[in-house]
Amino acid sequence: MDSVLHHRGRIGSRTLLLTTAAVPLTGWAVHAVALHKRLAATRKDPLIGLLRRDAYTARARRLLARHGDNVAMVLVDQDHFKAVNDTMGHAAGDTVLAATAARLTAWAGPRAAVGRLGGDEFAVVLELPAARLEQRLAQLIWMLHTPVVLEDGRIVDVAASVGAATPDVVGSRDLSLLQRTADAALYDGKHSGRAIVATAAHVAVPSVNGRRAGRPGTAVWGRAA
């Protein structure tokens, strides 16, 4: 009898020990989930849900390393965005930005790197064979020029300028160089209603701090973009 009680006591102690040990583990698990959610939130723009610059850059570089020349870098700059804010209000501007983000995400797909570089500028890096590039960019232009309907029923006519660069033309998989070249292509066709695919000439466009020389935000005097 004593041996049975002793055995049961050992089982009970073991159960108590496991239960006690499980409490802090459960607490840490909950903490880890909460921490993961907070970290995920810091990786995304709180207004429109796209990746912030650092998170976008990290994912874009992984895509470039994995897929090589079958990758396209696409820059998007909202046209006349200041006019939307000035005439229709900042809430309308926020809705336009959110709509652009949603359209870019739908166009690029879940495996792409889609980020907001700041203001009304966006960047996408995605796996995209060269043979399909122009067709897909035409689709993107159509999506970005579709009017946005506000909650109060007002309609905002929107447009965006788009520039694209590929590693085979640029001669490099370096994200900064691809982005700089796509930026030059974008401003070559600013307000044209067309997506411009970079050529060798765009690779050679002078730049300052990673942006086209003369572009707002650079330190070189030049024609305003």
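**From one valine outward**

Start at V74. Not counting residues up to four places away in sequence, V74 touches W107, F122, A123, V124, L126, L137, L140, V162, G163 and A164. Contact here means heavy atoms within 4.5 Å.

A word on the source. This is a predicted model, where local features need pLDDT of at least 70, side-chain atom pairs count only at pLDDT 80 or more, and totals for chains, interfaces and linings use all residues. Residues are numbered from 1 along each chain as its sequence is written, and side-chain values use heavy atoms, with hydrogens and water left out.

Now the core. By nonpolar core I mean a set of buried Ala, Val, Leu, Ile, Met, Phe, Trp, Tyr and Cys residues joined through side-chain atoms within 4.5 Å. Buried is under 20% relative accessible area, exposed is over 50%, and partly exposed is in between, with a 1.4 Å probe and protein chains only. The largest nonpolar core has 34 residues. V74, V76, W107, V124, L126 and L140 touch the most other members.

Which elements supply at least two residues each? They are β1 (71–78), α3 (81–88), α4 (90–108), β3 (121–127), α5 (130–144) and β6 (160–165). The largest share, eight residues, comes from α4. Helices (H or I, at least four residues) and strands (E, at least two) are DSSP runs, numbered from the N terminus. Apart from this core lies another, of 24 residues, with A60, V71, L175 and Y187 among them.

Next, β3. Six of its seven residues are buried. Two strands pair if DSSP finds at least two bridges between them. β1 and β3 run antiparallel, joined by seven bridges. A72 has L126 as its bridge partner in β3. β2 (residues 113–118) also pairs with β3 in the antiparallel sense, over five bridges. There, G115 stands opposite A123. β2 and β3 form a hairpin with two residues between them. G119 in that turn has a positive phi of about 55 degrees.

Last, backbone angles. Most residues other than glycine have a negative phi. H80 is not a glycine, yet its phi is positive, about 55 degrees. H80 is found in the loop between β1 and α3. Is H80 buried or exposed? H80 counts as exposed because its relative accessibility is 54%. H191 also has a positive phi, near 65 degrees. H191 is found in the loop between α7 (175–188) and β7 (195–197). At 45% relative accessibility, H191 counts as partly exposed.
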